Amino acid sequence: MEEADLKLIEEHAKDNNELDRLYKEHVRLEREIEELQNLKIRSPEESKKLKELKRVKLSGRDRMEEIFESLRG
């Protein structure tokens, strides 16, 4: 995540519950994705879960971008 985005989160997360929730979820998803990606061999279920986690993370990131745009002006 870019430094400017992290600064916006730091400044507005207390006042913007959605942004705070989305960022916390983003961090959690990054950890889960990293754990699955570090597996040398993934089961079909793990591969499916990895794909779904990435989709959810991207969706949340898109929503955070919308919030960042509104905060920037």
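Which residues does Glu32 touch, not counting residues up to four places away in sequence? The close-up views below, all taken from a predicted model, begin with this residue.

View 1. Glu32 is found in helix α2, and once residues up to four places away in sequence are left out, Glu32 touches Lys49 and Leu53. Although Glu32 and Lys49 are 17 residues apart in sequence, their C-alpha atoms are 9.6 Å apart in space. Glu32 has a relative accessible area of 21% and is therefore partly exposed, because buried means under 20%.

**View 2. Helix α3 from end to end.** Helix α3 covers residues 44-72, and its 29 residues, at 1.5 Å a residue, should span 42 Å, which agrees with the 42 Å that separates its end C-alpha atoms. The buried residues of this helix are Leu50, Leu53, Gly60, Arg61, Met64, Ile67 and Phe68, and they pack against α1 and α2. Ser47 also lies in α3, but with a relative accessibility of 33% Ser47 counts as partly exposed. The C-alpha atoms of Ser47 and Asp5, which are 42 residues apart along the chain, are separated by 30 Å. Just after α3 comes Gly73, which takes a positive phi of about 140°.

View 3. In soluble globular proteins, nonpolar side chains tend to be buried together. The largest nonpolar core in this model has eight residues, namely Leu8, Ile9, Ala13, Leu19, Leu22, Met64, Ile67 and Phe68. Helices α1 (3-12), α2 (17-37) and α3 each supply at least two residues of this core, and α3, with three residues, gives the most to it. Ile67, one of the residues of this core, touches Asn16, Glu18, Leu19 and Leu22 when residues up to four places away in sequence are not counted.

**View 4. The packing of α1 against α3.** Two packed helices are described by the angle between their axes and the distance between the axes. For α1 and α3 this angle is about 75°, and the axes are 11 Å apart, so the two helices are roughly perpendicular to each other. On the α1 side the contact is made by Asp5, Leu8, Ile9 and His12, while α3 contributes Arg61, Glu65, Phe68, Leu71 and Arg72. Sorted by kind, the residues of this contact comprise four that are nonpolar, one that is polar and four that are charged.

View 5. Apart from residues up to four places away in sequence, Arg61 touches Met1, Asp5, His26 and Phe68. Arg63, by contrast, counts as partly exposed at 32% relative accessibility. Arg63 touches Glu18 and Leu22, again not counting residues up to four places away in sequence. Arg63 and Leu22 lie 41 residues apart along the chain, and their C-alpha atoms are separated by 8.1 Å.

How values were computed: Residues are numbered from 1 along each chain as its sequence is written. This is a predicted model: local features need pLDDT of at least 70, side-chain atom pairs count only at pLDDT 80 or more; totals for chains, interfaces and linings use all residues. Side-chain values use heavy atoms; hydrogens and water are left out. Helices (H or I, at least four residues) and strands (E, at least two) are DSSP runs, numbered from the N terminus. Contact means heavy atoms within 4.5 Å. A nonpolar core is a set of buried Ala, Val, Leu, Ile, Met, Phe, Trp, Tyr and Cys residues joined through side-chain atoms within 4.5 Å. Buried means under 20% relative accessible area, exposed over 50%, partly exposed in between (1.4 Å probe, protein chains only). The expected span of a helix is 1.5 Å times one less than its number of residues. Axes are lines fitted to C-alpha atoms, for helices over the stretch in contact, and angles run from 0 to 180 degrees between N-to-C directions. Angles under 35 degrees count as roughly parallel, over 145 as roughly antiparallel, 65 to 115 as roughly perpendicular and the rest as oblique. Ala, Val, Leu, Ile, Met, Phe, Trp, Tyr, Cys and Pro count as nonpolar, Asp, Glu, Lys and Arg as charged, and the others, Gly among them, as polar.
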